[in-house]
Amino acid sequence: MRCPHCGTVEDKVVESRTLANGDAVRRRRECISCNYRFTSYEKIDERQFMVVKKDNRREPFDRIKLERGVVRALEKRPFSQMQIENLINEIEDETAIISKGSREISSAIIGDLVLERLGKLDKVAYIRFASVYKHFNDLDEFIEEIKKL
């Protein structure tokens with residue numbers, strides 16, 4: 001690994017920690033030449049699966065897009081960054097399992113998975129996500145969704 005401070009490729013691993021339910025490893029490294037300490041992350045690079053949109057377009061699964069929606073729904077709610085990260089990991093893992101055979105998954109299935117998890121976790125976050133995901137046309141549809149809770 002190249003040192004970000006001096007550019008040398010000689011370093012030693014000082015500490016390793018498992019992250020994200022064993023799916024990633026965080027390593028603290030120290031450059032042999034200048035003693036600068038830096039962090040690297042390792043994650044299995046799996047072949048990415050495709051998301052089939054409502055209009056049948058296909059695009060690569062984007063974890064950042066999923067994370068953005070979940071974080072927005074949980075904004076100003078009493079959840080730690082670690083809890084949010086675990087929730088996103090669970091959803092991502094489940095989408096990978098569902099899409100295993102065809103390497104494709106419908107955006108509707110991903111949205112339903114998020115709604116299911118948020119419904120169990122926090123009702124306010126559920127309604128926030130549902131209001132964007134389900135595209136309510138009027139107040140009556142919004143009230144019906146609240147009644148389902």
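Trainee: How many bridges join β2 to strand β3, and which way do they run?
Mentor: Seven bridges join β2 to β3 (residues 37-43), and the two run antiparallel. Strands here are DSSP runs of E with at least two residues, helices are runs of H or I with at least four, and both are numbered from the N terminus. Two strands pair if DSSP finds at least two bridges between them. Keep in mind that this is a predicted model, where local features need pLDDT of at least 70 and side-chain atom pairs count only at pLDDT 80 or more, while totals for chains, interfaces and linings use all residues. Residues are numbered from 1 along each chain as its sequence is written, and side-chain values use heavy atoms, with hydrogens and water left out.

Trainee: OK, what stands opposite Ala-24?
Mentor: Lys-43 in β3 does. β2 and β3 form a hairpin with five residues between them, and Asn-35 in the turn has a positive phi of about 65 degrees.

Trainee: And how many bridges join β1 to β2?
Mentor: Eight, with β1 (residues 11-19) and β2 (residues 24-31) running antiparallel. Val-13 stands opposite Arg-29 there.

Trainee: Switching to charges, which residue forms a salt bridge with Arg-29?
Mentor: Asp-11, with the closest N and O atoms 3.0 Å apart. Asp-11 lies in β1 and Arg-29 in β2, so the pair ties together parts 18 residues apart in sequence. A salt bridge here is a side-chain nitrogen of Lys or Arg within 4 Å of a carboxyl oxygen of Asp or Glu, and that rule gives 19 salt bridges.

Trainee: Are Asp-11 and Arg-29 buried or exposed?
Mentor: Both are buried. That term means under 20% relative accessible area, exposed means over 50%, and partly exposed is in between (1.4 Å probe, protein chains only).

Trainee: Which side chain meets Glu-42 in a salt bridge?
Mentor: Arg-27, at 2.6 Å from N to O. Glu-42 is in β3 and Arg-27 in β2, 15 residues apart. Glu-42 is partly exposed, at 35% relative accessible area.

Trainee: Now the helices: at what angle do α4 and α5 cross?
Mentor: Roughly 145 degrees, and the axes of α4 (residues 123-133) and α5 (residues 139-148) come within 11 Å. Axes are lines fitted to C-alpha atoms, for helices over the stretch in contact, and angles run from 0 to 180 degrees between N-to-C directions.

Trainee: Which residues meet there?
Mentor: Tyr-126, Ile-127, Ala-130 and Ser-131 in α4 meet Phe-142, Glu-145 and Ile-146 in α5, where contact means heavy atoms within 4.5 Å.
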